[in-house]
Amino acid sequence: MAAPGENLRINADRLWDSIMEMAKIGPGVAGGNNRQTLTDSDKEGRALFQSWCDASGLSMGVDKMGTMFARREGTDPEALPVYVGSHLDTQPTGGKYDGVLGVLAGLEIVRSLDDLGIKTKHPIVVANWTNEEGARFAPAMLASGVFAGVHTLDFAYARKDMDGKSFGDELKRIGWLGDEEVGARKMHAYFEYHIEQGPILEAENKQIGVVTHGQGLWWLEFTLTGKEAHTGSTPMNMRVNAGLAMARIFEMVQHVAMTNQPGAVGGVGQMKFSPNSRNVLPGTVVFTVDIRSPDQDKLDGMRATIEEEAARIAVELDVGCSVEAVGHFDPVTFDPVLVDRVRKAAEDLGYSHMNIISGAGHDACWAARVAPATMVMCPCVDGLSHNEAEDISKEWAAAGADVLFHAVVETAEIVA
């Protein structure tokens, strides 16, 4: 199988311009983006992506989860496609690059192949997965999870946001409910390009992260039930304080993560008090604990400890406590052949690189269940992500896209 020539590069200016154009849709309040899944802004971003795909002569398929699949034909009608994907949805206060870089770099590969008149044996499909972030509808990576058979379609459609709106209804509302059966597609290979979302590559002064593994994850949603009472007139020894139980659980999660170092993280990013009044002790507190590790035993051990300790804290404070696992995936080992292909592409192109473990979950984690899969990463400034201040350079974006280009095209096989 011939590798593409080392002089082949993507059009860095066009890739960057596309990213900046997409960033105009669903602008955030501080320079980033708020383009949450199945919102009107998501609908608008999808339409822009489709217009670019149409201009490149790609055929568009949409499945019953709303995932978009833009296909460039190969010369062999029997050859399975090489997929390149990520997501266009963002966090409520997200950056311009998380997910978007991977989708638009996939499109740039197709555009560059067209510019160079290169044909491939295998078709190339660029995917925009629905609800990767999980910010509006838990769990994250929902559409790719249904694709891989981890979740059922009914389960996905029944997910509700904080306002009680269901995934299924919102998918219909924005007009992106496709008719293609989810998971019916077969993949020759799957590639995903993403910003690191951590500080390692920048700190090590490396341009490319060769992703060998992905951390496993548990999202544990706790519901604590106390007694609503006046904060000023209720004696301290007569309170049933769900907020205090929450605070002690937060501290406990920090302790569990620290005692499992290295290779473990834990924290809380979402919490809801009810009735959420300044002078009323909460009757209900709902929050999600996020724990991650590349070590399966460590990951599951952390979960067991956190649930056991949370129950103990609740009993001490006479607070009701229930917990539901609303998100999970096991640690992932990416395909060694594709990993080596990414590494070789970085070496051939002269880019500095290092092996790295993905700290975040990605659609590639579920795709790896149904096809050989791997990832490419580029640095981000100060490791900052899920933040409107998220930033990368055009040069970083282009270097990773070049590596992705070479690895994808080698896998799709150039036709002489």
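User: At what angle do the axes of α3 and helix α12 cross?
Analyst: This is a predicted model, and in it the axes of α3 and helix α12, which covers residues 394-412, come within 10 Å and cross at roughly 65°. The crossing in which α3 passes α12 is right-handed.

User: Which residues of α3 and α12 meet there?
Analyst: From α3 the residues are Leu-101, Ala-105, Gly-106, Ile-109, Ser-112, Leu-113 and Leu-116, and from α12 they meet Ala-397, Ala-401, Leu-404, Phe-405, Val-408 and Val-409. Sorted by class, this contact of α3 with α12 has eleven nonpolar residues, two polar residues and no charged ones.

User: Staying in α3 for a moment, is Glu-108 buried or exposed?
Analyst: Glu-108, which has its place in helix α3 (residues 100-116), counts as buried because its relative accessibility is 0%.

User: And what does Glu-108 touch?
Analyst: Leaving aside residues up to four places away in sequence, Glu-108 touches Ile-10, Asn-11, Arg-14 and Leu-15.

User: New topic: how do α8 and α9 cross?
Analyst: Helix α8 (residues 242-259) and helix α9 (residues 296-317) have axes that come within 10 Å and cross at roughly 150°. That angle is over 145 degrees, so α8 is roughly antiparallel to α9. The crossing of these two helices is right-handed.

User: Which residues of α8 and α9 meet, and what classes do they belong to?
Analyst: On the α8 side they are Leu-244, Ala-245, Arg-248, Ile-249, Met-252, Val-253, Val-256 and Ala-257, and these meet Met-302, Thr-305, Ile-306, Glu-309, Ala-310, Ile-313, Glu-316 and Leu-317 on the α9 side. The residues of this contact of α8 with α9 divide into twelve nonpolar, one polar and three charged.

User: What about α1 and α2, how do they pack?
Analyst: Helix α1 (residues 12-22) and helix α2 (residues 40-55) pack at an angle of about 150°, and their axes are 10 Å apart. That makes α1 roughly antiparallel to α2. The contact is made by Ser-18, Glu-21 and Met-22 of α1 together with Gly-45, Leu-48, Phe-49 and Trp-52 of α2, and by class it has four nonpolar, two polar and one charged residues.

User: Let's look at the loops; where is the cis peptide bond to Pro-139, and what is omega?
Analyst: The cis peptide bond joins Ala-138 and Pro-139 with omega about 5°, and Pro-139 is found in the loop between β5 (124-128) and α4 (142-147).

User: And what is the peptide bond from Ser-274 to Pro-275, cis or trans?
Analyst: The bond from Ser-274 to Pro-275 is cis, with omega near 15°, and Pro-275 is found in the loop between β10 (265-274) and β11 (280-281).

User: What is phi of Asp-318?
Analyst: Phi of Asp-318 is near 60°, which is a positive value in a residue other than glycine. Asp-318 is found in the loop between α9 and β13 (320-329), and it counts as exposed because its relative accessibility is 58%.

User: And where is Glu-413?
Analyst: Glu-413 has its place in the loop between α12 and β17 (414-415), and although Glu-413 is not a glycine, it has a positive phi of about 70°. With 21% relative accessibility, Glu-413 counts as partly exposed.

Technical notes
Residues numbered from 1 in each chain as written. Predicted model: local features only at pLDDT ≥ 70, side-chain atom pairs only at ≥ 80, totals over all residues. Heavy atoms only, no water. Axes fitted to C-alpha atoms, helices over the stretch in contact; angles between N-to-C directions. Helix = DSSP H or I, 4+ residues; strand = E, 2+ residues; numbered from the N terminus. Parallel < 35°, antiparallel > 145°, perpendicular 65-115°, else oblique. Left-handed = near helix turned anticlockwise from the far one by under 90°. Contact = heavy atoms within 4.5 Å. Nonpolar A, V, L, I, M, F, W, Y, C, P; charged D, E, K, R; others polar. Buried < 20%, exposed > 50% of the residue type's maximum accessible area, 1.4 Å probe, protein only.
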